[in-house]
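Happy to walk through this one with you. Let's take a look at the fold and its cross-links, one question at a time.

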Amino acid sequence: WVLGEYAVPNDLTYAIGFSFGGDMTYRLMCEASDIISGFAVTGQGGPWSRNSGLDTNKYPWAAGCAQATPRPLWKGIGTNDVYYSAEQARTGWESFAKKVLGCCGEVTESAVADGVTCLRFEKCAVATEFCSYTGMEHIYPSVATAPQEDGFTDNGRGASWQATPAAWDVWREAFTPADVACDDDAPSSSR
């Protein structure tokens, strides 16, 4: 609807979803990646967040995600989220990144701000990052949530490691999809 009503070029169209809106964002990644350039999801586990793999009962549309055009994805979660554990969210991100975004190899971890740790794949067809916020509950990481409530400090991004600027950083990466040869038997995660 928005693209039909407003003259927004496809290369400037992005989707961000929080909580149940994260479900919508995952669906857009799978069904509208040809018209949306980048995605961000917070406070949500994702279709692949169960140890058993893809949850097709809750996400019947997700079975067709493998045909989606890989687009940059930023994902964040609070470690005290009451709806999704950080481990569920990480599992969902890793599985989606492998199955849809063409990622493989080691997952590297870096502390990017006080209480914020982000992960990236060694090899990926597009940029993707997963960040966990120590002590944060089921809220969208923004200026309103930091630094007073959550104790996050300024790291060159204003009040905290905010979700929207973090997503923009991933979306802006000058990324040229490369041939990513992935060995399915190789370990994908290091802690």
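Buried means under 20% relative accessible area, exposed over 50% and partly exposed in between, with a 1.4 Å probe and protein chains only. This is a predicted model: local features need pLDDT of at least 70, side-chain atom pairs count only at pLDDT 80 or more, and totals for chains, interfaces and linings use all residues. Residues are numbered from 1 along each chain as its sequence is written, and side-chain values use heavy atoms, with hydrogens and water left out.

Q: Which elements make up the protein, and in what order do they run from the N terminus?
A: Helices (H or I, at least four residues) and strands (E, at least two) are DSSP runs, numbered from the N terminus. The protein has 4 helices and 6 strands. Read from the N terminus on, the order is α-β-α-β-β-α-β-β-β-α.

Q: In what order do the strands stand in the open sheet?
A: Two strands pair if DSSP finds at least two bridges between them. The parallel strands β1 and β2, for instance, are joined by 5 bridges, and Gly17 stands opposite Val41 in β2. The pairing in the sheet is mixed, and its 6 strands follow the order β1-β2-β3-β6-β5-β4.

Q: Which strands stand at the edges of that sheet?
A: The open sheet is ordered β1-β2-β3-β6-β5-β4. An edge strand here has a single partner, so one of its sides is left without a neighbour in the sheet; this holds for β1 (14-18) and β4.

Q: How many disulfides does a search of the whole structure find?
A: A disulfide is a pair of cysteine sulfur atoms within 2.5 Å. Cys30 and Cys65 meet this at 1.7 Å, Cys103 and Cys124 at 1.8 Å, and Cys118 and Cys131 at 2.0 Å. The search of the whole structure gives 3 disulfides.

Q: How many residues apart in sequence are the parts that Cys30 and Cys65 tie together?
A: The disulfide of Cys30 and Cys65 is right-handed, with 95° about the S-S bond. Cys30 belongs to helix α2 (residues 20-31) and Cys65 to the loop between β2 (38-42) and β3 (73-78), so the parts tied together are 35 residues apart in sequence.

Q: Is Cys118 buried or exposed?
A: Cys118 is bonded to Cys131 in a disulfide, and the torsion about their S-S bond is about 105°, so the link is right-handed. Cys118 sits in strand β5 and Cys131 in strand β6, 13 residues apart. Cys131 has a relative accessible area of 0% and is buried. For Cys118 the relative accessible area is 1%, so Cys118 is buried.

Q: What arc around the axis do the buried residues of α2 cover?
A: The buried residues in α2 are Gly22, Asp23, Thr25, Tyr26, Met29 and Cys30. The arc is that of the directions from the helix axis to the C-beta atoms. These residues are on the same side of α2 because their arc is only 165°.

Q: Which elements do the buried residues of α2 pack against?
A: Contact means heavy atoms within 4.5 Å. One of the buried residues in α2 is Cys30, with 10% relative accessibility. The buried residues of this helix pack against β1, β2, β3 and α3.
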